[in-house]
Amino acid sequence: MTETRELRFATSPLEERSRDDGRVVMRGYAYRFNELSHNLGGFRERIMPGAGAPSLRQNDVYATFNHDTQALLGRVSSGTLTVGEDREGGWYEIDLPDTTTGRDVAALLKRGDLAGSSFTFRVLDGGQRRSEADDPETGLPVREITAMDVMEVGPVVNPAYPTTQAALRSVERALGIGEFAPEERTADDAPAVTDHPAIPAGDDFTARTLRALTERSV
């Protein structure tokens, strides 16, 4: 099965402080535990405590601005990025570089212009389940992530809760629900996931997935 990467956004405020040498350090939460996401195209989602801890300890996680690898801010292996999980969620701290991007991010932080953080992850095998209780506010099923591979974190200007048909199909396969025709399996099953709005509710696949999630439990 093709690896599906997904992006999510955290609304927690970003913090910045200056070192004695003038460098700026920023800190934020890439995700918080037990908080429900927005509608991700027919379901909502929560990340369970400990879901990303092993990958944050093992991976060479890197930090970017707006998910742009050309706007690299730091990485674990160089000692310019520190990541981990605490009681609240998955946090990161970046020693911002003395580059155009680093200086821009520092200035935006001081002005309060950055809206939050985002992160890239992959759900591990057996690392997701359907919650026993649907969301009482919307009636949507809730996907719980219990084990994920976190690859990238960082601040974003215009956050979104992105989803793609590939991501929805990943959920469908993992939870053992729904069917889709062979001709639907090709173009949209690409691994890359970008910051696009959720698929409209009228989309045939999304509607079919929602019906399956709502009518059947795991």
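Trainee: Why flag the low pLDDT?
Mentor: Where pLDDT is low, the predicted coordinates should not be read in detail.
Trainee: And what is the mean pLDDT of the protein chain?
Mentor: The mean is 77, with 69% of the residues at 70 or more.
Trainee: OK, new topic. Where does E93 lie?
Mentor: E93 is part of strand β8, which covers residues 89–95.
Trainee: Is E93 buried or exposed?
Mentor: E93 counts as buried, because its relative accessibility is 18%, and the cut-off for buried is under 20%.
Trainee: Which residues does E93 touch, leaving out those up to four places away in sequence?
Mentor: R17, V25, M26, R27, T80, L81 and T82. There is also G28, which is 65 residues from E93 along the chain, yet their C-alpha atoms are separated by 6.7 Å.
Trainee: Let's switch to β9. How many of its residues are buried?
Mentor: 7 of the 8 residues in strand β9 (residues 116–123) are buried, so the strand is largely enclosed by the rest of the structure.
Trainee: Which strands does β9 pair with?
Mentor: Strand β1 (residues 6–10) pairs with β9 in the antiparallel sense over 5 bridges, and R8 stands opposite F119 there. β9 also pairs with strand β12 (residues 148–156), again antiparallel, over 8 bridges. In that pairing, F121 has V150 of β12 as its bridge partner.
Trainee: Great, thanks!

Note on methods:
Residues are numbered from 1 along each chain as its sequence is written. This is a predicted model: local features need pLDDT of at least 70, side-chain atom pairs count only at pLDDT 80 or more; totals for chains, interfaces and linings use all residues. Side-chain values use heavy atoms; hydrogens and water are left out. pLDDT is the predictor's confidence in each residue, from 0 to 100. Helices (H or I, at least four residues) and strands (E, at least two) are DSSP runs, numbered from the N terminus. Buried means under 20% relative accessible area, exposed over 50%, partly exposed in between (1.4 Å probe, protein chains only). Contact means heavy atoms within 4.5 Å. Two strands pair if DSSP finds at least two bridges between them.
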